[in-house]
Amino acid sequence: MLLFTVALHAQTKSYVSSTENFSNPERGWYRYSKAQSTTTFSFLSQSSLTSSRINEKVTLILRIYDLGAFKNTPISQTFLNNILKDFNTLRLSGVKAIIRFRYTEDDAVDATKAQIISHIEQLKAITIPNQDVISNIEAGFIGQYGEWYYTNNFGNNGVVSAQNLADRKEIGLKILELAPNRMVAFRTPSFQQIISGTTSISPAEAYNGSAKSRVALHNDAFLSSASDVGTFKNTAVEYPYLEGQSKYTFCGGESNQLNSTYQNCTNAVNMLNKFHYNYLNIGYFGATLDLWKTSGCYDEVQRRLGYRFELLNSTISNNSLTINLQNVGFGNVFNQRKAFIVLRNNSTNIEYSFPINSDVRLWHRGAQTQIVQNLNLDVPVGTYSLFLNLPDPQIANPLFSIQFANVGVWDATKGYNNLNQTYTKSTTTVVVTPEPIVVPPPVVVEPVVTPTPVVVEPVKITLINNSIITVTNLPVKEFRVEVYNLSGRLRSRSTNISNLRSGFYIVKVFSGGNIYTQRIYKV
């Protein structure tokens, strides 16, 4: 249909930046948490996670799963089920986890290569379906603390043979399979380079799903000495590599001892910025954190860890919305996430959401980004308030949406950023009104329990020929399908979605008392 739209005169809105420390997903301070296999399993507490998110603005935990009891046996189904319970607790708490699996923290006695590979195959059945609550993986498995140094099976104490290197590479590539849509952080640049090579990732390689594009760093001795206690072998070579690699991945970690020569505020902020730091331990090392508090940079560090987006201004002119923003954080968004423009009808309060053609991961630290959005959209006649929404692509819960660092823009109930702009549309013809958007409650993925010892392939939900949803590996033949848009509106109960417009959808498959969920994209 031919539409005739009357545009308002140009209107510009400027925004005030905020110095508030607020919670945003997948960045910032993290809390340490450990579950042992040799003692009673210590489950995550929803109340504790929620309290930490609200009171400390912490949206990350480093969750260590100690596999010491399974060095020579398969991981028990009980332990796997306990991990699944943790994932659901994270989902309900508005918190994500950095995951590390290891066998020991007291000695160098780890598992053999064959045993590690077998364990990873077991773990994939639960980590892959639950990537939505995994921020990233830390490599783990090999050596004391899972840090790849003190190990009795892969070259101990830095003495590594050619076979040891080959075995480490094989294990490292296997660890990448635990969460194909997530990055894996290794303990040192030299360990990164075993997997990805010695050259940093290029813009053309970024986010292409290759091993190189997914290899990050966790530095657990941040500025604790001139070499970060052996993290770096040759800073003249490894600093440039890490600066380039972390631009499209990240760094994270902690300090492990006080060294005021290197950990002074000026050097610390410079290094956090240089290497795109995304997370640090809020509880360790205490003396280092105290130094930053007394020296005056602690608040800056906690605000700038990871991404921190600020709106600068927006303008509406000739049916076009232009948004200028900047990233003042140390790092970037590194997991896939799209931005949406939301139009709310001021008379009916019905909302309409449209994806913006901009990759949030490319809103780089230290740079300004401009977004231009055509407002001549398929919406009814009326006056609309405009919002910017950066929801989690896999969890329909505003707790996982991104907040901008501006005064008077955040709508916590919806997870929207209010542009404080209005747009009026009028037309000479009847416009077909899209379905209104209803914000749903959090999506809770039911755990998929695989009986032991039988190995069951995970349920796969795929879109064929851009129109037909197929479901494979179900434990029973009977199932039904529901298809939702990203705002939670039910759009179809058919496996044929050829009639739906392009975009992202959440497919829920109900079968045998279980619910299987998958995000798909229709071109």
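What is the volume of the largest cavity? The structure is a predicted model, in which local features need pLDDT of at least 70 and side-chain atom pairs count only at pLDDT 80 or more, while totals for chains, interfaces and linings use all residues. Residues are numbered from 1 along each chain as its sequence is written, and side-chain values use heavy atoms, without hydrogens and water.

The largest cavity has a volume of about 60 Å³. A cavity is a set of points on a 1 Å grid over the protein atoms alone where a 1.4 Å probe fits but cannot get out, and lining residues have an atom within 4 Å of a point; the volume is the space filled by probe spheres set on the points, which are joined across faces, edges and corners. Six cavities of 30 Å³ or more are counted by this rule. Among the residues lining the largest cavity are Arg337, Phe340, Pro391 and Arg519.

Helix H6 spans residues 235-247 and reaches 17 Å from first to last C-alpha, close to the 18 Å expected at 1.5 Å times one less than its number of residues. Helices are DSSP runs of H or I with at least four residues, and strands are runs of E with at least two, numbered from the N terminus. The buried residues of H6 include Tyr239 and Leu242, where buried means under 20% relative accessible area with a 1.4 Å probe, protein chains only. The buried residues of H6 pack against helices H5 and H8 and strands E7 and E8, with contact meaning heavy atoms within 4.5 Å.

Gln421 is found in strand E17. Gln421 counts as buried because its relative accessibility is 5%.

Terms used. Buried means under 20% relative accessible area, exposed over 50%, partly exposed in between (1.4 Å probe, protein chains only). On a 1 Å grid over the protein atoms alone, a cavity is a set of points where a 1.4 Å probe fits but cannot get out, and a pocket is an open set with protein on both sides within 12 Å along at least five of seven lines; lining residues have an atom within 4 Å of a point.
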